[in-house]
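Hi,

Here is the structure I promised to pass on.

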Amino acid sequence: MSNTKSAIITGITGQDGAYLAQLLLEKGYTVHGTYRRTSSVNFWRIEELGIQNHPNLKLVEYDLTDLSASIRLLQETGATEVYNLAAQSFVGVSFAQPHTTTEITAVGVLNLLEAIRIVNTKIRFYQASTSEMFGKVQAIPQTEETPFYPRSPYGVAKLYGHWMTINYRESYGIFGASGILFNHESPLRGREFVTRKITDTVAKIKLGKAEVLELGNLDAKRDWGFAKEYVEGMWRMLQADEPDTYVLATNRTETVRSFVELAFKAVDIEIVWSGKEEQEIGKCAKSGKVLVRINPQFYRPAEVELLIGSPDKATKALGWKPTTTLEELCAMMVKADLERNERGASF
Ligand code: NDP
Ligand code: GDR
C-alpha cells in the first residue's frame with residue numbers, strides 16, 4: 001500500500017535535513033524541504049544523495065524567524081508531520097552572534113509551535129534538541145532525567161526550544177517530540193565542525209594539498225554517532241503513540257585527540273604527541289613532520305568537556321539502536337574526503 005503522508009523538513013540544506021529527506025522519500029512521503037534564500041545555491045547535500053530531482057521532493061523557500069511565513073508554510077503544504085531541523089547550529093558562532101542564534105534557534109521554534117496551534121493542532125512536531133543542553137554535565141551518562149546546564153548561547157537557545165515543545169505538548173495537547181541528540185557526523189557534515197574539519201584536512205595532507213591541521217581543545221570528549229542512523233530515530237519518535245523526549249547517543253565517548261589519531265590511521269599515518277595544552281603538537285611517527293598543532297583561536301569562551309549519552313529509553317520504546325562504530329564512521333568520512341579532494345569538489 002502506498003504511503004501518502006506529507007512532511008515538512010526545515011533545514012533541508014543541512015546534514016540531517018538531507019538524510020531525513022532521503023529516508024522519508026524512501027518511505028513514500030511527499031517531502032516539503034525548506035531552504036533559505038541565499039545568493040548562491042546550497043543544495044550539494046541532496047545532490048550528493050541523488051534526491052534533488054525526486055518527484056515527491058518539493059523545495060520551499062522559508063525562513064524560520066518569520067511567524068507569518070511559518071503559518072503559511074503549514075497552511076499551503078497541508079503536511080501532517082513537521083521536523084524542525086533548521087537552526088544556527090554552530091556552537092562557536094553562537095558566542096559571536098548570540099542574538100541571531102536566539103532568533104533562529106530559540107524563537108524560531110516558537111514560531112512553528114504557534115503556527116501549529118493556529119493552523120492544525122493535529123500536526124506532529126519534532127524538535128531537534130541537543131546534548132549541548134547538558135553542557136557542564138551533572139551525571140554520567142546523560143539521560144532524559146539529567147539536569148541541564150548549557151554552556152553556550154546555542155545551548156541556552158536550544159533549551160528554550162526544548163521546553164517550549166514540552167510546554168505546547170502539555171498546554172495544547174500538541175504532539176511535540178523532542179530528540180536530545182548527541183553529536184552525529186557523516187560525509188555530509190559541514191566543514192566547520194571538528195570531525196569533518198579533521199577528515200577533510202587529513203585527506204588534503206595525504207594528497208599534498210595541506211601541510212598542517214590546526215585545532216583548539218583536543219581534550220574535549222564527545223559521543224559521536226552516524227547521522228544517517230539518527231534521522232531514523234527522529235522518524236520513529238513521530239510514529240510513537242505518545243509524544244515524548246528521547247536521547248539518541250552511542251554511549252561511547254572519545255577525545256578530539258583520539259578522533260585525529262583515527263583519521264590519520266585511515267590514511268596509514270601514525271601520530272605521536274608531545275608538549276602540553278596550547279604547545280601540544282602531533283608529529284608523523286615516520287618522518288617527524290609536524291602535522292597537528294594548536295591554534296588558540298579555536299578555543300571557546302566556555303567549553304563542554306564531556307558528553308556521553310544513554311540511548312536506553314529510545315532502544316526500549318522505539319527499537320532504535322546505533323550500529324556504526326566510530327572507527328567505521330571516521331574511515332567513511334576520510335574516504336569521502338579523499339575522493340572529493342581528488343576531484344576538486346568545493347564542499
Ligand atoms: P546544519 O547546520 O547542517 O543545518 C542547519 C540547517 O538549518 C541548514 O539547512 C540551514 O540553512 C538551516 N537554517 C539556518 N538558519 C535558518 C533560518 N533562519 N531559517 C530557515 N532555515 C535555517 O545542522 P545539522 O543538520 O547538523 O543539524 C540539524 C539540527 O539538529 C539542528 O537544529 C542542530 O542544531 C541539531 N542538532 C544537531 C546535532 C549534530 O550533531 N549534527 C546534534 C544535536 C542537535 P542554510 O544551509 O541556509 O544555512
Ligand atoms: P559541538 O561540535 O560543539 O559538539 O556541536 P564541534 O564539532 O564544533 O566541536 C566538538 C568539540 O571539538 C572541539 N574542537 C573544535 N571544534 C571545532 N569546530 N573546530 C576546531 O578546530 C576544534 N578544536 C577542538 C570543540 O571545542 C568541541 O569541544 C555539535 C553541533 O552539531 C551542534 O549543533 C550539536 O547540537 C552538538 O554537536 C551536539
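Before the helix pairs, a word on axes: they are lines fitted to C-alpha atoms, for helices over the stretch in contact, and angles run from 0 to 180 degrees between N-to-C directions. Helices (H or I, at least four residues) and strands (E, at least two) are DSSP runs, numbered from the N terminus.

Please keep in mind that this is a predicted model, where local features need pLDDT of at least 70, side-chain atom pairs count only at pLDDT 80 or more, and totals for chains, interfaces and linings use all residues. Residues are numbered from 1 along each chain as its sequence is written, while chains are lettered from A and ligands numbered from 1 in the order in which they are written.

**Helix pairs**

Take helix α5 (residues 98-119) and helix α6 (residues 153-172): their axes come within 8 Å and cross at roughly 10°. That is why α5 and α6 are roughly parallel to each other (angles under 35 degrees count as roughly parallel, over 145 as roughly antiparallel, 65 to 115 as roughly perpendicular and the rest as oblique). The crossing of α5 past α6 is right-handed, a crossing being left-handed if the near helix is turned anticlockwise from the far one by less than a right angle, and right-handed if clockwise.

On the α5 side, the residues that meet α6 are Pro98, Thr101, Thr102, Thr105, Ala106, Val109, Leu110, Leu113 and Arg117. Their partners in α6 are Pro153, Tyr154, Ala157, Lys158, Tyr160, Gly161, Met164, Thr165, Tyr168 and Tyr172. Contact here has a simple cut-off: two residues are in contact if their C-beta atoms, placed from the backbone, lie within 7 Å. By class, the contact of α5 with α6 has 12 nonpolar, five polar and two charged residues (Ala, Val, Leu, Ile, Met, Phe, Trp, Tyr, Cys and Pro count as nonpolar, Asp, Glu, Lys and Arg as charged, and the others, Gly among them, as polar).

α5 also packs with helix α3 (residues 67-77), at an angle of about 50° and with the axes 8 Å apart. That makes α3 oblique to α5, and α3 passes α5 in a right-handed crossing. From α3 come Leu67, Ser70, Ile71, Leu74 and Gln75, which meet Asn111, Leu112, Glu114, Ala115, Ile116, Ile118 and Val119 in α5. This contact of α3 with α5 divides into eight nonpolar, three polar and one charged.

Then there are helix α9 (residues 256-265) and helix α11 (residues 326-343), whose axes come within 9 Å and cross at roughly 55°. α9 and α11 are therefore oblique to each other, and the crossing of α9 past α11 is right-handed. Phe259, Leu262 and Ala263 of α9 make the contact with Leu326, Glu327, Cys330 and Val334 of α11.

**Domains**

The domain assignment of the chain gives domain 1 (6-186 + 224-252 + 305-323) and domain 2 (194-219 + 255-304 + 333-343); such bounds come from an automatic or database domain assignment. The centres of the two, taken over C-alpha atoms, are 30 Å apart. Between them, 11 residues of domain 1 are in contact with eight residues of domain 2. Helix α4 (residues 91-96) gives the most to the domain 1 side, with three residues. That side of domain 1 consists of four nonpolar, three polar and four charged residues.

**Ligands**

Ligand 1 is surrounded by 26 residues, of which the closest are Gly11, Gly14, Ala86, Ala87 and Ala128 (a residue is near a molecule or strand if its C-beta atom, placed from the backbone, lies within 6 Å of it). α1 (15-26) and β5 (124-130) each supply at least two residues of this shell, and the largest share, three residues, comes from α1. The shell around ligand 1 has eight nonpolar, 15 polar and three charged residues.

Which residues come nearest to ligand 2? Of the 22 around ligand 2, they are Ser89, Thr130, Val194, Gly216 and Ala220. The shell around ligand 2 draws at least three residues from each of domain 1 and domain 2, and α4 and α7 (194-206) each supply at least two. By class, the ligand 2 shell divides into nine nonpolar, seven polar and six charged.

**Backbone**

Two spots to look at: a cis peptide bond joins Ile140 and Pro141, with omega about -10°, and Pro141 sits in the loop between β5 and α6. Asn251 has a positive phi, near 70°, in a residue other than glycine; Asn251 lies in the loop between β11 (245-248) and β12 (254-255).

Cheers
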